[in-house]
Amino acid sequence: MILPEHREALLAAIPNRDSRPIWAIADGRYGMDRTRPAGERWQLSRTPWWKQPLDDFRDDNVREIVIMAGSQCSKTAGMLVALAWAVKNCPAPMLWITGNDDLAKDASQERVTPTLERCPDSAPLLLNNRLDKTTWKIRCKTCTVDIAGAQSSTALEQNPYRFVFGDEVRQWPTGSLQKVEKRQRSFGDAKRCFFSTPMLKGDEFHQRYLAGTQCEWVWPCMKCGAENKLEWKALVYEHTASDGMDAIAGPVIRCSCGVYHPDSPTIRRHIIERGHWQAQNPSPQVGVVSYHWNALLPPWVRWADLVAEWKQANDHLKRGNPEPLKVFVCETLGEPWEEREIEADPKALNDRRGEYDRGDAWEGLLTRADGAAARFLAADVQQDVIYWRCRLFGKDGESRGHGWGRCFTFAELDTEAKRLGVPPYFVGVDSGYRTTEVYRACAQYGWKAMKGEDKQEFIVDEPGVGRVRRCWNRSQADPHAGTAQAGRVIVPLYLFADAAMQDMLALHMAGKAGSWSYERDAGSDYVAQLLSEEKRPDPKTGKVEWHRIRRANHLRDCEKMVLVLAIASGVLRA
Ligand SMILES: [Zn+2]
């Protein structure tokens, strides 16, 4: 640990300590990370909204900087500038910590190390011995920068850090933010920065944002000078003949004085150059500043592209998949996804009752490009009984129940699936219970094993697409693990984010996603099982969560897994 008097001595030993603002020091001089070309310099004029957060970084009264912004909105670049500046001007133990080890490796190789190497202030201080520069630790003459992933790291338990740069906070395990605070207590002048796209309203990251100043970007109207907040709902993109906007192509922001601000280079420059931060929180926690911005702000993002993304996401919702809308809200608008309370509502469910009976043929049944009919069956395995549910999907997210029941053996389940015409690869069996037996049945019959996990999303590298967030992921399982036959067979294992799938099923059951219905002859037992869970605040923690209110929820679990199968097969995205 460095005592304050030692640090002062250390600082005094550094020649030419620069007293200008960080942004002035970095402007046109600091190199950028590997997402930018090697010769490119950080320019304040490109992202002038970074001026105030960088001033906060130097301000001893500010202890915590929270940045909640969309992806591709330059929310990390400014933090890298602060890091490079601190290595020279405020040397002290530093930690760059992100969601998990994979993200940390990326951050180290693509962002932190290249930035320090490309900055004239930090580059000469780097020790270039192989052992001094690893993925997890960068040693400088003045200090050490540790890099870690919050999900697996013990960094937060071990070393005290004066500066903590917390990236992708939405991915951090519960309680990590408090750990950061605790670890910094030995530094009277500690500073922590949390910057991330948000996830859920009211989660830990969002709460830190709410505790702070909640600064939003405001900018003056070109005509009347009134200040407008840069928010999504201000964007007008549907033009009608009568509103006098025929001459203007593309989306506009309309001031209350009636003037339209289209997406022109002049207006986009005006918004970032003449705009400023405005705190929305009249009583922030002392020492905590927070900022929110969305993809409307960076001039390199076209508003028309955002409108297209928004329309597409809503189209997906209509066709049964709410996930793109959630991604749009969190990743593009930089706003947390609303955690709604959802009652088990018998009346609303009754509205979804169809005009057909179980087993009825359906002309609307969709056939996938490879000829597979969109018939799905999911099974919930109990101690001595197996519950199953079959569902058919049509065009545009329409789906119909096609039977449900109970059986006692996997052979009987196979018979039911065949009777209903469900291809084996569209059969999913929950493997949370009697796991090995389920794996072996999947290997025998060609089914998919399934398992719900207690998380909100998976980060998945999709070939040709890149890193995406979604509510399910492919994995695999070995039915003979631990035996002499291990490694000979693998079965597909589909993992899903349970709470996210609960939400998605609720949207379908409420008629708000796709066009979901169930059989006219469905009895009270089916209905009761569908209404077996509701979402409400936990009396102890206040966190809005799903709670089971009836013991039997098997058919509900099956419906949830059917949706996972339909999404994973591409049918619900079609
Ligand atoms: Zn105006």
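Entry 1: Helices here are DSSP runs (H or I, at least four residues) and strands are runs of E (at least two), numbered from the N terminus.

**Ground rules.** I noted that this is a predicted model, where local features need pLDDT of at least 70 and side-chain atom pairs count only at pLDDT 80 or more, while totals for chains, interfaces and linings use all residues. Residues are numbered from 1 along each chain as its sequence is written.

**Entry 2: cover of α15.** Is this helix mostly covered or uncovered? I found it mostly covered, with eleven of its twelve residues buried. Buried means 20 or more other C-beta atoms within 10 Å of a residue's own, exposed means 12 or fewer, and partly exposed is in between, with C-beta atoms placed from the backbone. Among the buried residues of α15 are Asp503, Met504 and His508. After α15 comes Gly511, with a positive phi near 75°.

**Entry 3: α15 against α17.** I then looked at how α15 (residues 498–509) meets α17 (residues 554–568): their axes come within 9 Å and cross at roughly 95°. The axes are lines fitted to C-alpha atoms over the stretch in contact, with angles from 0 to 180 degrees between N-to-C directions. The two helices are therefore roughly perpendicular (under 35 degrees is roughly parallel, over 145 roughly antiparallel, 65 to 115 roughly perpendicular, the rest oblique). On the α15 side I listed Met501, Gln502, Met504, Leu505 and His508, and on the α17 side Glu559, Lys560, Leu563 and Val564. Contact here means C-beta atoms, placed from the backbone, within 7 Å. These residues divide into five nonpolar, two polar and two charged. Nonpolar covers Ala, Val, Leu, Ile, Met, Phe, Trp, Tyr, Cys and Pro, charged covers Asp, Glu, Lys and Arg, and the others, Gly among them, are polar.

**Entry 4: positive phi.** Gln72 is not a glycine, yet its phi is positive, about 60°. I placed Gln72 in the loop between β1 (64–69) and α4 (77–89). With 13 C-beta neighbours inside 10 Å, Gln72 counts as partly exposed. Gln214 also has a positive phi, near 55°, and sits in the loop between α8 (204–211) and β7 (215–220). Gln214 is buried, with 21 other C-beta atoms within 10 Å.

Terms used:
Contact = placed C-beta atoms within 7 Å.
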